[in-house]
Amino acid sequence: MRRFLLILLLIAACVAIPQQALSRNYVFCVGLNSYSMDVGQLRVSTNDAKTIKKVFKKNGHSSVSIITDSAATRAAVLRGMKYCFARAKSNDVAIFFFSGHGTEYGLLCYDGVLKNSEILNEFKQCKAGTKMIIADACYSGKLRNDSAWREVYNGENVILFLSSRTDETSIETVFNNSLFTIYLERGLRGGADVNKDRTITARELYDFVHAGVSNDSRDTQHPVMWGKFDGNMPIIKWENKKAIKYK
């Protein structure tokens, strides 16, 4: 009898491992240096999107799509989100990363404003248990003020991770990325993993990025994370010890 129970436990353990491994990140990246309208050209936003794409590609358990500059029209971005997030399951993470210009009511695509309500509508169709919007844009803190967010605050598990407060600009830096994306990339790659368990949680990521950006900007830029979520919620997991970098 004991031998039979032991066999059952071993079978259950073998079944549980593949199920856990099925957890994936579904990431859609958008970056715009140039626009069809006169809003001011940017220098590093396109590369910001490429950098975040590389991070999740390196992770190995992520499905990543990217669209940049003139290809990043409102219609194209909405189609891309729909396609990318449609495959996500309840134990997965869906992330929309945007680097470019922002407004109080949405994010500025190549040909116009992508409204917050339109972004949230795509997330409503998504079955992922964790949903995150990462916006690297000047005054991105204003996004929290839109009533569209409040309508889903209690109903949708959506995290807003914004590069700056309502009245702050987001620094581009002299390097190939913005200050926010520099620390976001470092944090996701392992810099934020305080307890060295190869899992980056929402709280760990926020603490790392906020501290780095605030310090290097001399307190002129402060990232904010907003929403109703568990701070211990995993954002990215690294099974490959060689892929994660603690720095």
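Which residue of β2 is the bridge partner of N25? In this predicted model, that partner is S62.

**Strand β1**

Strand β1 covers residues 25-31, and seven of its seven residues are buried, so the strand is largely enclosed by the rest of the structure. Burial here means a relative accessible area under 20%. In a regular strand the side chains alternate between the two faces of the sheet. In β1, N25, V27, C29 and G31 point one way, while Y26, F28 and V30 point the other way; both sets are buried.

Strand β1 pairs with β2 and with β3, as tabulated here.

| Partner of β1 | Residues | Bridges | Sense |
|---|---|---|---|
| β2 | residues 62-68 | seven bridges | parallel |
| β3 | residues 93-99 | seven bridges | parallel |

On the β3 side, F98 stands opposite V30. The β2 side includes the pairing of N25 with S62. Together with helix α2 (residues 45-59), strands β1 and β2 form a β-α-β unit, which is right-handed.

**Helix α7**

Helix α7 is made of 15 residues, 202-216. From its first C-alpha to its last the helix reaches 21 Å, close to the 21 Å expected at 1.5 Å a residue. Its buried residues are A202, E204, L205, Y206, F208, V209, G212, V213 and S214. After α7 comes R218, which has a positive phi, near 55 degrees.

Key:
Residues numbered from 1 in each chain as written. Predicted model: local features only at pLDDT ≥ 70, side-chain atom pairs only at ≥ 80, totals over all residues. Heavy atoms only, no water. Buried < 20%, exposed > 50% of the residue type's maximum accessible area, 1.4 Å probe, protein only. Helix = DSSP H or I, 4+ residues; strand = E, 2+ residues; numbered from the N terminus. Pairing = 2+ DSSP bridges. Right-handed = clockwise from strand over helix to strand, strands pointing away. Expected span 1.5 Å × (residues − 1).
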